[in-house]
Amino acid sequence: METATPICIVVSTRIACNPKSFRESIMVLEVNCSIDSNPTSIDESSSVVLRYRTPHFRASARVLVPPVAGKETWTVGWIQACNHMEFYNKYGSKGMSSWELPDLRDGKIQAISDSDGVNYPWYGNTTETCTITGPTKKDTKFTVSMNDNFYPSVTWGVPVSDSNVPMLSSIWRDQSFTTWLVAINQASGETLVLQTVRWRMKLHIEVDPDKPLGKRARLREPFTQQQPQVLGKNEPIPPNAMVKPNANDAQVLMWRPQTGDPVMVIPPKN
């Protein structure tokens, strides 16, 4: 399988003014961002749910921090927020189920945190972050990286029905994210945005529920995702991207019938 060509940005400029401060001396040496070129895969091994797995978004950055003179601690890493979500599962003439982020859907917020739900505001705390505690005598060079993809389960039958008769007819998903490379001072909370990346994941799966299990679903589009954009000018991080709740805890599953009132099938966790 041919691999995606990553976007590589070499940024060997200091954010310079006072070279003694962390803010002015941290350097982003290189940023790589890509979405794998493999298409979304579909798994029909279960008689209860259809599963699919999208390609991975991947981001990594090489960072250099010159010696830190003071007794200060900084964490450098990736923060991600969801800006837009459409996630519809259609069940023929019966209606559709929809995963929704109510505040984002209603325009009350610009974005919602996509943190792991533990290490706010960070996407994670393994490869995703690095902490530097001063004073240090030498340059500190490190790489922070992250990856993300979707691997959900969608019921063959209508989610508000006791029946498991297959009725799923299509899946549509379109989500947009902003991902920031950020440095945060642990004591003061001072936040430096070092790089901003935008990316999007789309998919359309067509399903024929009358066909035998294993032959019902096929990917309509896209076979290759659009590659991420590393922005030339950084964007500020919206307040909701830094705090609880994250997207996984705030999302609700709605059943929207062809006729009748919508029903909340799964409420938010927060």
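Y91 is buried, at a relative accessible area of 0%; buried stands for under 20% relative accessible area, exposed for over 50%, and partly exposed for the range in between (1.4 Å probe, protein chains only). The model is predicted, so local features need pLDDT of at least 70 and side-chain atom pairs count only at pLDDT 80 or more, while totals for chains, interfaces and linings use all residues. Residues are numbered from 1 along each chain as its sequence is written, and side-chain values use heavy atoms, with hydrogens and water left out.

Five aromatic pairs are found in a search of the whole structure. Rings of Phe, Tyr and Trp (its six-membered ring) pair if their centres lie within 6.5 Å; planes under 30 degrees apart count as stacked, over 60 as edge-to-face and the rest as tilted. The pair of Y91 and W255 is edge-to-face, because the ring centres are 5.8 Å apart and the planes stand at 65°. This pair links distant parts of the chain, with Y91 in strand β6 (residues 73–91) and W255 in strand β16 (residues 252–257), 164 residues apart. Strands (E, at least two residues) and helices (H or I, at least four) are DSSP runs, numbered from the N terminus. W255 also counts as buried, at 5% relative accessibility.

The rings of F150 and F177 have centres 6.2 Å apart and planes at 45°, so this pair is tilted. F150 belongs to the loop between β10 (140–148) and β11 (153–155), and F177 to strand β12, 27 residues apart. F150 and F177 are both buried. Together with F57 and W199, they form one aromatic cluster. R173 lies over the face of F150, 3.7 Å from the ring centre; a charge sits over a ring if NZ of Lys or CZ of Arg is within 6 Å of the ring centre and within 35 degrees of the ring normal.

The structure holds 10 salt bridges, each defined as a side-chain nitrogen of Lys or Arg within 4 Å of a carboxyl oxygen of Asp or Glu. One of them joins D174 and R200 (2.7 Å, N to O). D174 counts as buried, at 4% relative accessibility, whereas R200 is partly exposed at 33%. Another salt bridge is formed by D106 and R105, with the closest N and O atoms 2.9 Å apart. A network of salt bridges links E100, R105, D106 and R256.
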